[in-house]
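Visitor: I have a model open and would like to learn how to read its features. Could you walk me through a few?

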Amino acid sequence: MDDYPRTVAEFEARFPTEEACRAYLCRLRWPDGFRCRCGEANAWLTARGLWQCTACGAQTSVTAGTVFQDTRKPLRLWLHAMWWVTSQKTGASALGLQRLLGLGSYETAWGWLHKLRRAMVRPGRDRLLGRVEVDESFVGGVGGARGRSTAKKALIVVAAEEVGPGIGRIRMRRIPDASADSLQPFVEEAIAPGNVVHTDGWHGYDRLKANGYRHRVTLLRGQHALASKRLPRVHRVVSLLKRWLLGTHQGAVTSAHLDYYLDEFTFRFNRRTSRHPGKLFFRLAQQALAVEPAPYTSLVKHVRRHRNR
Ligand SMILES: [Zn+2]
């Protein structure tokens, strides 16, 4: 079922042409064969690579309704971008992507990373289950180009499934503050109701029970150092995240990019047991075909909002 290249050589051999790329994406998007929106399964492929329905005559592109919608760049470049993003141990930067693909502008590369980011984390789907630790933390060095000491720290909230003594899946998000108005929407998006949310005694979590969650509180008294003992999974995740940000970006992650890196880290972490890097590529391609397109204008607005802070 899971059909993906294992190595760079396999990748190159597999996707030499636009046609090969399109055929691969078609198989991922319609594993049981193409089906038109009208329900008809009989269709033929036009010279331009569109499926033409024999019943209603509609033409459908494999990229319609996906993150690749309306792209004027070859699908080969997109597959290369996804392969590169998922095969980088350390994480992907817009500058690196721009150089690799020879994209004309940094903004284009940045826009691509953000489209892929939307595919990495699918909001509202497969929420965390069981017992889930939730806590906030600051990640440093955000907001400035260099000089970590002067840069503003960003507040994030992290959720981590408790699986025995270990960690299952995680979710994380940047939040403006630690109020219930910021924390409660995160919990609702990240964790399915009816499950156990494990937090400290902070009042920002007071609405959990009223919203259908079971709430386990571990009170933290005394020094801050204890926090890592009471909610150990979240704190392990945060320290891995910090190490990753430092290692990849020397801590100089700009505010506008932090959200992307949080999603990329989450995507990698939740698939950390995958033996083949090709499998990450496969999942990303699958998810990229399953999400709504992000119009570039909304991405730009997003950047401006953060830059003005
Ligand atoms: Zn049709």
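**Reading the features**

Guide: Start with a facing pair: W44 stands opposite Q52 in β2. Keep in mind that this is a predicted model.

Visitor: How should I read strand pairing, and which strands does this sheet contain, in what order?

Guide: Here's the general idea: strands of a sheet pair through backbone hydrogen bonds, either parallel or antiparallel. In this case the sheet is open, with 3 strands in the order β1-β2-β3 and antiparallel pairing. The edge strands, β1 (43-45) and β3 (59-60), each pair on one side only. Between β1 and strand β2 (residues 51-53) there are 3 bridges.

Visitor: On to rings. How many aromatic pairs does a search of the whole structure find?

Guide: In general, a pair of aromatic rings is described by the distance of the centres and the angle of the planes. The search of the whole structure turns up 16 aromatic pairs. Take F11 and F281: their centres are 5.6 Å apart with 85° between the planes, so the pair is edge-to-face, the cut-off for that class being over 60 degrees.

Visitor: Where do F11 and F281 lie?

Guide: F11 sits in helix α1 (residues 8-14) and F281 in helix α10 (residues 277-288), so the pair ties together parts 270 residues apart in sequence.

Visitor: What sits over the ring of Y4?

Guide: That would be the charged end of R6, 4.3 Å from the ring centre.

Visitor: Now helices. What span should helix α5 have?

Guide: Helix α5 (residues 106-120) has 15 residues, and at 1.5 Å a residue it should span 21 Å. The C-alpha atoms at its ends are 21 Å apart, which agrees.

Visitor: And how many residues of α5 are buried?

Guide: For α5 it's 11 of the 15, so the helix is largely enclosed by the rest of the structure. Among the buried ones are W110, W112, H114, K115 and R117.

Visitor: Last topic, charges. How many salt bridges does a search of the whole structure find?

Guide: The general idea is that side chains of opposite charge can pair when their charged atoms come close. Searching the whole structure gives 11 salt bridges. In one of them, R171 meets D126, with the closest N and O atoms 3.2 Å apart. This pair links distant parts of the chain: R171 is in strand β6 (residues 166-174), while D126 is in the loop between α5 and β4 (131-139), 45 residues apart. R171 is buried, with a relative accessible area of 14%, whereas D126 is partly exposed at 39%.

Visitor: Which side chain does E162 meet in a salt bridge?

Guide: E162 meets R131, at 3.0 Å from N to O. E162 is in strand β5 (residues 154-163) and R131 in strand β4, 31 residues apart. E162 counts as buried at 15% relative accessibility, and R131 as partly exposed at 37%.

Visitor: What about E189: which residue is its salt-bridge partner?

Guide: R173, with the closest N and O atoms 2.8 Å apart. E189 is partly exposed, with a relative accessible area of 35%, and R173 is partly exposed at 26%. Elsewhere, salt bridges that share partners join D3, R14 and R27 into one network.

Technical notes
Residues numbered from 1 in each chain as written. Predicted model: local features only at pLDDT ≥ 70, side-chain atom pairs only at ≥ 80, totals over all residues. Heavy atoms only, no water. Phe/Tyr/Trp six-rings, centres within 6.5 Å; stacked < 30°, edge-to-face > 60°. Helix = DSSP H or I, 4+ residues; strand = E, 2+ residues; numbered from the N terminus. Lys NZ or Arg CZ within 6 Å of the ring centre and 35° of its normal. Pairing = 2+ DSSP bridges. Expected span 1.5 Å × (residues − 1). Buried < 20%, exposed > 50% of the residue type's maximum accessible area, 1.4 Å probe, protein only. Salt bridge = Lys/Arg side-chain N within 4 Å of Asp/Glu carboxyl O.
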